[in-house]
Amino acid sequence: MKAAVPHCTGLKGALTERLLLPGTLLGTLSLTVYALQCSRRPYKIIYYEIGIIICAALGLLFVVLMPLVGFFFCLCRCCNKCGGEMHQRQKRSGPFLKKCYTISLLVICVFISIGIIYGFAANQYMRTRVEETRKLSDSNFNDLRTLLNVVPGQIDYILDQFTHPKEKAFDDLDNINSLVGDGIYEHLKPKVLPVLKDIKDLAKDMKANRDTLVQVNTVLTDVKHSSAYLRTSLRDVKTSMEQTLTDPQCSFPAVAPTCNSIRKSLSVLDDSANFDHLPSLDGHITQLDGLLQTDLSSLVQKANESLSNIPEEVQNQTRDFITEFKKTLNSIQSDVKNISTKIPIQKTLSSFVRYINNSEDYILHYLPTMEECDSYRWLVCLVVCCLLTLILTFYLLGLLCGTLGYDQNATPTRRGCVSNTGGLLLMVGAGFSFFFSWMAMTTVVLTFVAGGNMEKLVCEPYRNKKLFQVLDTPYLLNEDWKYYLSGLVLNKPDVNLTFEQVYSDCKENKGLYATLKLDHIYNVSEQLNITKHTGDINSNLENMNIRIEDIELLDKTGMKTLMDLRSSGIDDIDYAAYLNATERSPTRVNLISFANDIQRKANQLPSGRLKTSLKSHADTLINIHQNQVIPLQNSMSTMNKQMKTLHYRTSGLKVRVSTTIFFLNSTQDFLTSQLSKIVVEESKQFGSKIISYFEWYLQWVEMTITQQFAACKPAATAVDSAVNVFLCSYIVDPLNLFWFGMGKATMLLLPAVIFAVKLAKYFRRMYSEDVYEDDPVNNMRHANSRARAEQGTQTI
């Protein structure tokens, strides 16, 4: 339902014409007055205008009464009334009154001078700023044109940025082998590589175990042979020594104990290590040789190569897909670029360009006239200021001459020339006040009515945005449109597009699209719908069919080899028997110690064949120890170390092989069941990454066009320059300062006239004075004065 004020329905043409036709302050002021009067709350304006009218009426009353009062005041003084009689009665309070009048007039003159200074400053400031109007308007129009000129380029720039996501997509497509293939490989690596490493380690340990078994078996053969030879050598030495001890010399009482002791010790001459019970390792070696016929390391290497070839296989399978997909992206880029021809900003801006051109022509046409009128205004205001300055000068000169020339010992009829001149200057100032003050008040009234109304009806509502609220009143500017601005811009008057909202958005430097709500004409969000433009991308990505053949980690032969290894029995070898046999000493006694003991005992015997034979046997034992026992000990030590190493490697071999077989089967099942899912997942992630480039781009385009594109702060700046800067700061503010200062100075002329007239009586030379009978001198002076007064009384 329309809410237009009845008495405003006839303002449609006038308001629309004033709104669309920029220029004069009168047009702006009249538009504001009309709008405020037609708003829903006109009573505040009425009350304010009543105050303006009352103040203006008082000013006009001053204009009329001031000259009239001055005229009658002069007539009255010419008739020796109203203080016109040149006679001053002497009072005791005279000096005090003179001082009060002097100080009061001086203070009033100071305040008048401040007002006059305000007037001069405001008048000159306004003239200077008006002269800068052309520069201000040119700057704002240039900014507006720059804004409108860069808009098409901004649109093309924004849409051309599609190249960046497209290039990123192209780079990813060219590197699909690393992005998808490496992703698949990285998924499989934690599962597959540990199993392959275990198999490779088993193959390496199997070969090492076979080599160790061969070495142990060779050492075992040597040890058995050396042990048998040592046993024979010790037996021969023992037999030979027993025959030596049958020598008849051993029957001698002195020798018999030694021989018996040696005979008893011969029982230790025997080998303690017997290796004949240790079985040969040829069977295990033969079994491992059979297992090593299958090269597990080669099989593991083959499986690794199958994994490493996944990226290359992905690239080979997607070569045709990449070509078609690039064509799709180029097609989407063409569709995005076509959006620039559909956005109605260019059409909207063309009307703005026409409006700006008309406004600039209008301003340039009337600007010289305005400057000429302002020069007349400046001259009139300057004359008024000079007139008030002249009056103030008379008052100040009168105060100066009267104060400096005043002699308190001189009688009123004998005052000096300087003092009399001061009084005359004060009277001249009072006369000029009556004569010129009405001119100053007329100027004050005119500037007050213009400046006060513009301040309250334009500047103040503009600063607190109430002016926009009034202009946004539904059906105010056009009785058929609810919102005038939306009807003018969008041709949709029901859209809530207000002057206040547009100004606030432009003040915040928002984009024209969002500020003018152009989405009601062309919805960029729908045209840049991500799903709409990425639908083709998704459909193409779904056609990216990547198939990775099943990867066989180990063939049947390799699996059989692992099974045979598990049952090979290498870990069942009686390692304890081998270790115990090799940890013993080859002999039951240390042959060196035994031989030394034989030599010591032989040395106790008398010289002879027995002694020589025993020493020869001791040397033989030492020789056996060095040539047979020590090499046998070394072989046994080597064999012991090798068996320990072999025992360590084969310990838990069955469990280890069983665990490897279990994880091998588990990993193979994982590859069979999950490989295709991993490929699909990586393909989807790749597609999501490609789509994310365009999603981000389309979101950026939508955000840029709707919020940042064609930032309209220059428009708000232009409005601020026209109203807040030019009208209010350049015109209204100095105008108000002028009438305030000059009005204050003019009003203060009233008390100044009173004090000047009062004070002049104390400075001027009187024609008569009071006479006192007790003072002959004064009586004579009074008589002389009376005689001159009879000849003719002069009054002012």
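1. A nonpolar core here is a set of buried Ala, Val, Leu, Ile, Met, Phe, Trp, Tyr and Cys residues joined through side-chain atoms within 4.5 Å, where buried means under 20% relative accessible area with a 1.4 Å probe, protein chains only. The largest such core has 143 residues, and Ile184, Leu188 and Leu614 have the most contacts inside it. Helix α7 (residues 176–244) gives this core its largest share, 21 residues; helices are DSSP runs of H or I, at least four residues, numbered from the N terminus.

2. A word on the basis: this is a predicted model, so local features need pLDDT of at least 70 and side-chain atom pairs count only at pLDDT 80 or more, while totals for chains, interfaces and linings use all residues. Residues are numbered from 1 along each chain as its sequence is written, and side-chain values use heavy atoms, with hydrogens and water left out.

3. Now the cysteines. The whole structure holds three disulfides, a disulfide being a pair of cysteine sulfur atoms within 2.5 Å. One of them joins Cys459 to Cys728, S to S 2.0 Å. This pair links helix α14 (residues 417–463) to helix α26 (residues 713–747), 269 residues apart.

4. Cys506 and Cys712 form another disulfide, S to S 2.2 Å. Its S-S torsion is about -110°, so the link is left-handed. Both Cys506 and Cys712 are buried.

5. Which cysteine sulfur is closest to that of Cys385? It is the sulfur of Cys381, but at 6.6 Å it is too far for a bond. Cys385 is buried, at 0% relative accessible area.

Terms used: Buried means under 20% relative accessible area, exposed over 50%, partly exposed in between (1.4 Å probe, protein chains only). Helices (H or I, at least four residues) and strands (E, at least two) are DSSP runs, numbered from the N terminus.
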